[in-house]
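Please look over the chain shown below.

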Amino acid sequence: MKKEIISTLTAAFFLSLTTLTSAQSTWPELTSQNRPWGRWWWQGSAVTKADISWNLQQYQSAGLGGMEITPIYGVKGTETQFIPFLSASWIDMLQYTVAQAKGLNMGIDLANATGWPFGGPWVMDSEAGKEIFWKTYTLKSGEKLTEPIQYTQSPLLIQAGQRVGIKEIKQPLSSNANLQQMAIDQIRFPQPAALMVLMAYTNKGMAIDLTSKVSTNGNLAWTAPDGDWKLYALFSGFHGKLVERAAPGGEGYVIDHFSKPAIMSYLKKFSDAFAGNKDKGVRAYFNDSYEVDDAQGQANFTPLLFDEFIRRRGYDLRKHLPALLSIEPNQSDKQVLHDYRQTISELMLENFTKPWQAWASGRKKLIRNQAHGSPANILDLYAASDIPETEGNGVMGFKFASSAAHVSGKPLVSTESGTWFNEHFMTTLAELKQSADRCFIGGVNHLFYHGVNYSPKDAKWPGWLFYAAVNFVPNDPFWRDFGTLNNYIARCQSFLQQGSPDNDVLLYLPISDSFMEKGEGLLRHYHDMQQFNGTGFENVAKQMLAKGFAFDFISDRQVINLKQGNSFLLSGEARYKTLVLPAVSTIPVNTLESIIELARKGARVIVYDKLPTEPAGFDPTKSKQSMFKALMKRLQFDPVINGVKRADIGKGAFFLGEDIPQLMQAAGVMRETMTDNGLEFTRRGNPDGKTYFIVNQGQKTISRKITLNTSAVSATLFNPMTRQLGAAPVIKGSKGTEVFIELQAGESCIIKTSAIKKPETKYAFYESAGNAIALKGEWRLKFLKGGPQLPPPVTLEKLEPWTDSPAEAYQAFSGEASYSTTFNKPSGLVPRWRLSVDKAFGSIQVHLNGKNIGTLLGPQFTIDLNSAQLQPTNTLEIRVVNSMANRIIDMEKKGISYKNSYNVDFQAREAANRGKDGKFTAKHWKPLSSGLSGTVSLMPLKTIQINP
C-alpha cells in the first residue's frame, strides 16, 4: 500500500521525469522542477499580497522554479505587520502565494515550522526535548542514604536578542509578549528534574531497582545489604532548546524527536490549521535539519526509552547504567553504549521521520528532509524521506543524501546551497556555479538557494536581508546575471532528473564502529564524512572518488533489503556490481548473515584491509558471538594472488586485500579513467545509454580524448552554459567508448551516449590558429545603474578597475558599469575568433556592435565569435556588475543603518569582521576591486581535427 501511495505522490507532485528517447538530439524542455528553487524567508511573516506578487515575479523572471516558505524572526519597525504563524491571516497569505505561484508556473514548499528545528508554543512540556542528568551515591553494608534523591536543574539562558535575566521570563514561555526581542535559543529554569530510575549496583555484579522505594520528597527507604554499593539516580530534565530563528507565533520548545506522541501532537496543530484542504497546492513539507545538538547539553532521553530498549535490544538498560555512563569505558561498556545509540537511532527513524512522512502522505504531500545532524544513521532517515536534502560544500557530504535516494529509489535529491561561502556581500556567481557543479557530482539534482529573502518593493536599499552570507535578492547587482546561472543549473538538472543513478559500488557505512566510540557525550551526531575521519570508510571513499569508481553508501537496514539478481546486487531498480566492507571491526549479525547469503547467491563482496572481529552490541547470552563465529567460519580464503585473497561461497565470493584498484579488478568493477586527467563526473543510466555530467574543477583547460566506461555507438555532447550541442566523435573499444572533449577551467559538459547511430551535426572544437591580438586604444567607462550615486564617466588609457580611482563616488559604488572601445577587424581569412577578457571583478555581459552576444560568469571570461559578426570597425561594450560590498562599506563608515532585524542581526563568518556589538561589520574593509583589468584580446581559431 505504501509503495502505491508513493507512486501516486510521485505522479501527482513530481513534474515530468520523461526519459530522453534514443532519437533526441535537442535540449530537454525545461520544467519548473528542473529550475533551482529558493528558501524564501518570510521575516516576521510581515508579508502583503502586493509584495508577494512582486517578489514572485522577480524570482520567476530570474529563472527560479519554486520557493520554499520558511517564516523567521521579524524586522524592527514592522511589528504591526507581523502575522502570527498558522493564524487565519497567515493561512490566507499562504493560499494567495500558492495561487500566484501557480500562475507563474512555480512550485511552493512549506517548512513544517518557523525557523528550525520542529517546535512551537503548542509543544507541551511533556512533548519537549529531554536530557538525562544523574547523580551517584555510595553505601556500605547496613548504611542508609541520608540525603534526598533529588536533582534541580541549574538555570541556563542563551539568547540571540535583548538580554534579560531568567527571573524576568514568565512560565509558560508563550505568556511572554516580547519573545521576538529576547530571541531565546535555550532556557532551563531552576526546577526539579523528574526521577526516572534509581539503581543500586554491588561490586559482585548484582543490580537492584530501588525506584519504588523513593518517596515523593526524595527519601530512600532502603538499607544496603552486604557488600559495597553504588547507586545511580537518573533524572529526566528539560533540554531547553527552543525553535531557532523563530517567527512570531512560532516561538517555543523543540519537540522530543524520539517520541511518536510528541510528533503526532505537534503535527495536529497543522492538521487543524489546514482543515478543509487549506494547504492545497503545497508540494512538500520541509524539515530544516535536526540541529538540536548546537546547544548546551544533549537531548538524549525520552520517557519510554527503557521500555523501547528492552523491546529492541532484549535486555534492561537500567541494569547497565555504570557501563552507559562510564568515563573510561571498557569493551563491554562500549557495547552497551552502542545499543543505547542504536535504540535512539531507531526511535528517530520510527517515531519521528516515518510518522511525519506518513502524515504528509495522508495530506497528499511529500516531505523534504535534512536528516544530517541527527544522532542516528542518517542514511536510514534520508531513505525514509521523499526528497532527501543535504547541505554544505563537499561532494562526500552530499553523497549521504544522494546514496539514500539512489538505494531507496527516490528520484530527487535536493540541497541547501549558497549558505556560507565567504563573508557577507562577497560571493560571486562563479563561486555559486562551482558549488552547484560539486552538488551535481555528489548526486544532487534539485538545488535550493539559501536564502531568498522576502523584501517589500519600497524597502530602502539593500532591503530586508537574512543573516547568512549569501542573500539572493534583486538589490544585489549580480541579480542582473542571476538568470544565466539559473538557466545553466536548469539545463543540467533537466538531464540529472532523468533516468536512474548508475553507480557500481555500494560502500557499507560502519555505523556500529562509530556507535562504539565514546566521544564527548552520550550521543554522536552525524553530518557528513567528518564523523568518520581517519576510518577505513573515509579512506575507501576518498580512494574511490579519486580513482573514478562510481559508488553509493549503504546502511545495515538497506543491506538487509538487498536482493541478488544475476550478476548484480539489486536495491529496487538500482543495480550494483559489488559491496565493500571498509575495514569494519563491528557488524550486526543479521547484516553479516545477509551479506553472506547474497554472496551465496552470486554477489561479489570486497573486504578492505580486514574482516570484522565481533558482532555489534552487548551480548549477555553470548548467542550473537556464537552466530558471528559460525558465519565467519564459512569464509575460507585462498592464498594471496595479485595482492588479493579470495573466498568462494556458493555462486559468489569475498575478496580481501589492502589495494582498492586491485580489489575492484578482482570483483570485475571498472572505473572512469577521466579522473586521472583531473575531471570529475556523475553518471546516470537511460534506456539506450548513459548520461555523464563532467566538470573541470582544475585551473587549466583540458583538451583530450577520454574513455567512458560504457559501450556506445554514438554520443551527443551538450554545453549547458553556451547551449552548444552536437555529435561527439566516438571510438568504440574493448575497454569502453572514447570521446574527445575540451573544457576550460570551471567548465562543464553533458555527454549522452546511445546504442543507436544518430545523424546529427558534429560538435565543433577549436584551437589557436595564431597569436592573440590585444585590443589597444582608449576605453570609455560609464556607470549605468546602482548607487549610492552614479559616478561621472571617465576615459581610460587602459583597462583598470573603477575602484582604482580614490574618489569616493567610485569607491562606494555598487552596481553596473560599461567599458566600451572601438577596434578594426583583424586582417586574415579566419572563420572564428576567441574574445578574452583577462580579469573581471564580477560577471560581465559582452555587447558587440550594439548586440548582446553573451553573459560570462567566470572564472574564465572568453566567448567565441564567427568572423561574420565582425565589421570593418567594431564597437565593443563590456558591462560588468560588482557586489553590494562597496556600498555597504560606505554605509557602515557613514553610520547608515541596514541591520534592522530581531534575533541574529547579521552574524559574521569571520571573527575579524565582528564589531564591538558582536555583529558583522565591513567598516574596516577596503573597497573590493570592481570592474575590469588587464587586456582584452582576439585569438584566431581553427577547427581541431580529431582522428580516430
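How many residues does helix 2 have, and how far does helix 2 reach from its first C-alpha to its last? Helix 2 (residues 49-61) has 13 residues and spans 18 Å. That is close to the 18 Å expected at 1.5 Å a residue, where the expected span is 1.5 Å times one less than the number of residues. Helices here are DSSP runs of H or I with at least four residues, strands are E runs with at least two, and both are numbered from the N terminus.

This is a predicted model, in which local features need pLDDT of at least 70, side-chain atom pairs count only at pLDDT 80 or more, and totals for chains, interfaces and linings use all residues. Residues are numbered from 1 along each chain as its sequence is written, and side-chain values use heavy atoms, without hydrogens and water.

**Helix 2.** Its buried residues are D51, I52, S53, N55, L56 and Y59. Buried means under 20% relative accessible area, exposed over 50%, and partly exposed in between (1.4 Å probe, protein chains only). The cover over these residues includes strand 1 (37-43), strand 2 (66-72), helix 3 (88-103) and strand 16 (446-453). G63 follows helix 2 and has a positive phi near 95°.

**Helices 6 and 8.** The axes of helix 6 (residues 305-313) and helix 8 (residues 331-362) come within 10 Å and cross at roughly 100°. The two helices are therefore roughly perpendicular, a term for angles of 65 to 115 degrees. Axes are lines fitted to C-alpha atoms over the stretch in contact, and angles run from 0 to 180 degrees between N-to-C directions. Helix 6 contributes L305, E308, F309, R312 and R313 to the contact. Among the residues from helix 8 are Y340, I344, L347 and E350. Contact means heavy atoms within 4.5 Å.

**D905.** This residue sits in the loop between helix 20 (885-894) and strand 47 (931-943). D905 is buried, at 5% relative accessible area. Its side chain makes a polar contact with the side chain of K919 at 3.1 Å. Such a contact is a pair of N or O atoms within 3.5 Å; within protein, one must be able to donate a hydrogen and the other to accept it, and residues adjacent in sequence count only if both atoms are side-chain atoms.

| Bond | Omega |
|---|---|
| W461 to P462 | near 10° |
| G787 to P788 | about 10° |

N566 is not a glycine, yet its phi is positive, near 50°. N566 is exposed, at 75% relative accessibility.

Definitions and conventions:
Angles under 35 degrees count as roughly parallel, over 145 as roughly antiparallel, 65 to 115 as roughly perpendicular and the rest as oblique.
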